[in-house]
Amino acid sequence: MQLAYTIVYVSDVAASLEFFERAFGFERRFLHESGAYGELATGATSLAFAQHDTARANLGHDYVAADRSTQPLGMELGLACADVPAAYQRALAAGASGLAVPVSKPWGQVVAYVRCPDGTLVELCTQMA
């Protein structure tokens, strides 16, 4: 078994792709002509976005939409980078909400948290040594 991809369910796939391009520097792999599904080039594992209607049709029932919840959902996307404070500021400038400023953890990792306009919780962190 291996992790193949992560799909984030959102209201506006194109807007989420654009935000992740601006905030985190990812490149768009593609956006389906329907606008209902898109992917970013993020390395070995794909990060994708699907519209709520598409996701609900595939799943067969409803779920908690991150953009409609006042609290972040109980999961996060972890994005590793060399300069967490700079990445945090870039995300804020692109429209993210800051949830936890960059801090150095006792194990040596620098970590910060932002919430994206589509409700996605993102951890920005340095690689584990």
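Some ground rules first. Residues are numbered from 1 along each chain as its sequence is written, and side-chain values use heavy atoms, with hydrogens and water left out. Because the model is predicted, local features need pLDDT of at least 70 and side-chain atom pairs count only at pLDDT 80 or more, while totals for chains, interfaces and linings use all residues.

Two strands pair if DSSP finds at least two bridges between them.

Start with the sheet that holds strand 1. This is an open sheet of four strands in the order 1-4-3-2, and the pairing is mixed. Strand 1 and strand 2 are at the edges with a single partner strand each, so one side of each has no neighbour in the sheet. From one strand to the next, the twist averages 25 degrees. For angles, axes are lines fitted to C-alpha atoms, for helices over the stretch in contact, and the values run from 0 to 180 degrees between N-to-C directions.

Strand 1 runs parallel to strand 4 (residues 46-51), joined by six bridges. In that pairing, I7 is opposite A48. Helix 1 packs on this sheet and touches strand 1, strand 2, strand 3 and strand 4, with a direction at about 165 degrees to that of strand 2. Contact here means heavy atoms within 4.5 Å. Helix 2 (residues 52-59) lies across strand 1 and strand 4, at about 95 degrees to strand 4.

What is the order of its strands? Its four strands are in the order 5-8-7-6, again an open sheet with mixed pairing. Strand 5 (77-80) and strand 6 are the edges, each with a single partner strand, so one side of each is left without a neighbour. Neighbouring strands are turned by 15 degrees against each other on average, direction ignored.

Buried means under 20% relative accessible area, exposed means over 50%, and partly exposed is in between (1.4 Å probe, protein chains only).

Strand 7 pairs antiparallel with strand 6 (residues 97-104) over five bridges, and antiparallel with strand 8 (residues 121-125), also over five bridges. V114 in strand 7 is the bridge partner of G98, and V122 in strand 8 is the bridge partner of V114. Both hairpins have a glycine with positive phi: G108 at about 100 degrees in the turn between strand 6 and strand 7, and G119 near 95 degrees in the hairpin of strand 7 and strand 8.

Helix 1 (residues 13-24) turns up here too, lying across strand 5, strand 7 and strand 8, at about 20 degrees to strand 8.

Last, a loop residue. H32 is in the loop between strand 2 (27-31) and strand 3 (37-41). H32 has 39% relative accessibility, so it counts as partly exposed. H32 and A14 are 18 residues apart in sequence, and their C-alpha atoms are 9.6 Å apart.

Note on methods:
Helices (H or I, at least four residues) and strands (E, at least two) are DSSP runs, numbered from the N terminus.
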